[in-house]
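Here's a quick briefing on a pocket and an annotated site. Have the model open as you read.

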Amino acid sequence: MSLQMLTVSNNITLIQPGFSLMNFDGQVFFFGQKGWPKRSCPTGVFHFDIKQNHVKLKPAVFSKDSCYLPPLRYPAICRVKGSSESEKTQYIIHGGKTPNNELSDKIYVMSVVGRNNKKVTFRCTEKELVGDVPEARYGHSIDVVYSRGKSMGVLFGGRSYMPSAQRITEKWNSVADCLPHIFLVDFEFGCSTTYILPEIQDGLSFHVSIARNDTVYILGGHSIANNIRPANLYKIRVDLPLGTPAVNCTVLPGGISVSSAILTQINNDEFVIVGGYQLENQKRMVCNIVSLEENKIEIREMETPDWAPDIKHSKLWFGSNMGNGTVFLGIPGDNKQAVSEVYYFHMLKFAEDDVNEDQKTFTNSQTSTDDPGDSTPFEDSEEFCFSTEATSFDGDDEFDTYNEDDEEDESETGYWITCCHTCDVDINTWVPFYSTELNKPAMIYCSHGDGHWVHAQCMGLAERTLIHLSEGSNKYYCNEHVEIARSLQTPKRGLPIKKTPLKALHKKSSGKIFTPAKKSFLRRLFD
C-alpha cells in the first residue's frame, strides 16, 4: 500500500467532484468535467497520463460514427466484455448530471476503436430503451450479471428531481430518492423491466455495488428521505432462463454505514472500499476489504493507509477508481494562502502494477463517484465555483486553452446534434461556418412547434441572411418546416397610402402657369 501526491500539469480545473475514470487495457481516461467541452477537446474525454507523479490530460477523439456524449457527472458506470475482439473492453454509462444541472436518462456504450502514438479514438453509441425506462437520475449504480449464457444489466438507486408539479422556484433543483426498484436492462434488445423487491424499502444513492456472476451486492448508501446511511447489505440474484427472468433479494448481516465510497479491485476475489462519509460532518477514514468466495461475501477492516495531514483535516474528499487496485483522490486546496491550487490530488495504490487486467474488473461494479449530498453542506461540492486554469495543452497538437469563465448555459444549443436527415456537420471538426464564435458551428433556431436548433451550414443560409436573422426578432423556419410555416402565416399589413389634402394641393398649384384645359379642370375640382 502506498500514497503518493500527484501534480496535474495542465487544465487542473477540469477535475472536479463527480468525474469518472475508465481503464481500457491499462490506459486510464478521464470523463465528466464540470462545464461543456471546448474546442481544446470537443469530446470531453481525456487520456489520464501519469508519469513520475505528474498527470497530463491528453484529449481523446470519437470516431465519425459516434453519437455525442455530453459531460456527465455522477453517472452510473460499469465495465463489460465487448461483443468482438476489437472491442473487448466496453463501458456502460447511464444517467448523470449535465453542466446545466439537467439529468440524463440515456445509456451510452464506450469502446476503443483506434490507437496511435498521440491519440486514442473511441466509439460512443447510444442505446434506446423500451418498456419500463428508468427515469433520469444520478448517484446510482449499474452492473452486469451473467446467467445461463446470457447477460443483463442491473440498475438501482440514485436521486432525481422532484416531479414538475411539485417543483417551485425557490426549490427548483430539489431532489428526492428514486423509488427502491430494480431495473433489468437487456443491452442487446434495449428492453427494460422493473422489479419491486419487498426487502428493499428505501431508495439509496451513492452506495457501493459489486457484481459477481449472477449476483449483485449493494452496500451502504444514503437516503435523503430519512437522512441516514444504513448499514444494509443486499444480495440480489438474477436468474435468466428462457422465459421471464427471476430476481430475488436477501438481506445479509455484516454491512457498513458509508456513502460516496470508492471501490477498487485488488485481485480476483478481493475488493477495497476507500473513502466516503459515515456521518453528515465526518469522513470515513477506515478502509475495508471485501472478499467474495463462491456465494459468500465477507467485509473486514484493513490496515489504515498513512493519510497525509491535509487529507485528515479536509472536510471534503472525492475521487474515482483507476483500476489495477489504484484510487485517485482529491481534496480542496488551502484557500488561506495567497496562491493555492484548486485541488490537491493523491494516488492510493493497494496492488502491484502487474495485476492481470483481464481477470479483474469484469465483475467489478460501477463505483459511487462522489456524493453531492444535497442535504449536507460539505458534500454539496459540485456547485462550488473556482478560479480558472489558463494552461494550454502541451504536445505537438496546437489545442486552444480551456477557460472555465467562457462556459455558458447551453441547454438549448445542441450543436453536436443531427439537425436534419442531410446534416453533415462533423462533431470532431470544430471549423466555424459563418460564425463569430470560434468554438461551435453557426446555428439558427427554427420556430416550428416547440422549436429546435439547426445548423446554418445544413440549411444553406447565406452569411448575410444568418446575420439578419440573428440580429432581429424574426422567426425562422428550417427547410423541413418552411412550407408548413408559410401556410400558417398571413400577409404583412402594408402602410396606408399617404394622401395630400385638396386644399394643400390647391395652395401648391397657385402661381403656376397651366394650360387652358388644366385651368378648367382645376376650377371644376375646387368649386
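The second largest pocket holds about 700 Å³ of space, a volume being the space filled by probe spheres set on grid points joined across faces, edges and corners. A pocket here is an open set of points on a 1 Å grid over the protein atoms alone, where a 1.4 Å probe fits, with protein on both sides within 12 Å along at least five of seven lines.

This is a predicted model: local features need pLDDT of at least 70 and side-chain atom pairs 80 or more, while totals for chains, interfaces and linings use all residues. Numbering runs from 1 along each chain as its sequence is written, and side-chain values use heavy atoms, without hydrogens or water.

**Pocket lining**
- The lining (residues with an atom within 4 Å of a point) has 31 residues, with Ser151, Asp186, Phe187, Glu188 and Phe189 nearest the centre.

**Annotated site**
- An unreviewed UniProt entry lists Cys419, Cys423, His455 and Cys458 as "binding site"; such annotations may be inferred rather than shown by experiment.
- These residues spread over 40 positions of sequence, yet cluster with a largest C-alpha distance of 8.0 Å.
- Cys423 sits in the loop between strands E30 (343-349) and E31 (443-446), and is buried (under 20% relative accessible area, 1.4 Å probe, protein chains only) at 18%.
- Beyond neighbours within four places in sequence, Cys423 contacts (heavy atoms within 4.5 Å) Ile417, Thr418, His455 and Cys458.
- His455 belongs to strand E32 (residues 452-455) and is buried at 0%.

Methods. Helices (H or I, at least four residues) and strands (E, at least two) are DSSP runs, numbered from the N terminus. Buried means under 20% relative accessible area, exposed over 50%, partly exposed in between (1.4 Å probe, protein chains only).
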